[in-house]
Amino acid sequence: SASVTVHGASFGTVGHSLAMRIGQSACEATGWTSDSSVVCRTGHGVGGTRRVAVTAGERVGSLSEAYSFDAARLSSLTRGNSASTGSASVTVHGASFGTVGHSLAMRIGQSACEATGWTSDSSVVCRTGHGVGGTRRVAVTAGERVGSLSEAYSFDAARLSSLTRGNSASTGSASVTVH
């Protein structure tokens, strides 16, 4: 959690009813400092900019786009490569993935993961499908913001094991089978 101080005017006196919200979430605790200052203890959130609202007595004052949470930051993957067939489980490590109840999605290249699971604020698991050779960017969307890691995941390139016809005439056409 974090401590947030809001400065303004007409917050009243210490005995008045006082509440503060960041986005749609009420502060864990709200404290009156003075008629022009209020302190809020806010919990975890995920990427995005939020409106801050202070209720003093029966009146509400707000400030749009006043508070933001960090975007997801990716630092490493536990599996950086997989076969070009089948699916694989990939764990991404980083920070600011939020809490279990927040919206979370992950992509490898242009493809969404078959399933994405929240493990912790610093770890996300993805079940990826098959792909073709090449290195891909990995992106995690937590809330409204995207964090990514370039050239972080690759699929094995196609491998040739044998050729059915190794020679043909210099004119005309021929059928070649690759295994």
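The paragraphs below go through a predicted model, from its confidence to its sheet, its disulfides and a few single residues.

Confidence comes before detail. The protein chain has an average pLDDT of 81, and 86% of the residues score at least 70.

One part to look at is an open sheet. Three strands make up this sheet, in the order β1-β5-β4, and their pairing is antiparallel. Which strands stand at the edges? These are β1 (2–7) and β4 (29–34). Each of them has a single partner strand, so one side of β1 and one side of β4 are left without a neighbour in the sheet. On average, neighbouring strands of this sheet are turned by 20° against each other, with direction ignored. The pairing of β1 with β5 can be followed in more detail. Strand β5 spans residues 37–42, and its antiparallel pairing with β1 runs over 6 bridges. To find one place where the two strands meet, look at S3, whose bridge partner in β5 is R41.

A disulfide is a covalent bond between the sulfur atoms of two cysteines. How many disulfides does a search of the whole structure find? The search gives 2. One of them joins C27 and C40, with 1.9 Å between the sulfur atoms. The link of C27 and C40 is left-handed, with -95° about the S-S bond. C27 sits in the loop between β3 (25–26) and β4, while C40 belongs to strand β5, so this pair ties together parts that are 13 residues apart in sequence. Are these two cysteines buried or exposed? C27 has a relative accessible area of 12% and is therefore buried, since the cut-off for buried is under 20%. C40 is buried as well, with a relative accessible area of 1%.

The other pair can be read in the manner just used. C113 and C126 form a disulfide, and their sulfur atoms are 1.9 Å apart. The torsion about their S-S bond is about -95°, so this disulfide is left-handed. C113 is placed in the loop between β12 (111–112) and β13 (115–120), and C126 in strand β14, so the pair ties together parts that are 13 residues apart in sequence. C113 counts as buried at 12% relative accessibility, and C126 counts as buried at 1%. If the bonded cysteines of the protein chain are numbered in sequence order, the pairing reads 1-2, 3-4.

The next topic is the backbone angle phi. Most residues other than glycine have a negative phi. E65 has a positive phi of about 45°, although E65 is not a glycine. Where is E65 found? E65 is part of strand β7, which runs over residues 59–69. With a relative accessible area of 67%, E65 is exposed. E151 is another residue other than glycine with a positive phi, and its value is near 45°. E151 lies in strand β16, residues 145–155. At 67% relative accessibility, E151 counts as exposed, because the cut-off for exposed is over 50%.

Strand β16 also holds S154. S154 is buried, with a relative accessible area of 16%. Which residues does S154 touch, not counting those up to four places away in sequence? They are G80, N81, S82, G134 and T135.

The last stop is a glycine in a loop. G86 is found between β9 (81–82) and β10 (88–95). The relative accessible area of G86 is 45%, so G86 is partly exposed; the cut-offs put this class between buried, under 20%, and exposed, over 50%. Leaving aside neighbours within four places in sequence, G86 is in contact with T128, G129 and H130.

Note on methods. Residues numbered from 1 in each chain as written. Predicted model: local features only at pLDDT ≥ 70, side-chain atom pairs only at ≥ 80, totals over all residues. Heavy atoms only, no water. Helix = DSSP H or I, 4+ residues; strand = E, 2+ residues; numbered from the N terminus. Buried < 20%, exposed > 50% of the residue type's maximum accessible area, 1.4 Å probe, protein only. Pairing = 2+ DSSP bridges. Axes fitted to C-alpha atoms, helices over the stretch in contact; angles between N-to-C directions. Contact = heavy atoms within 4.5 Å. pLDDT = per-residue confidence, 0-100. Disulfide = S-S within 2.5 Å.
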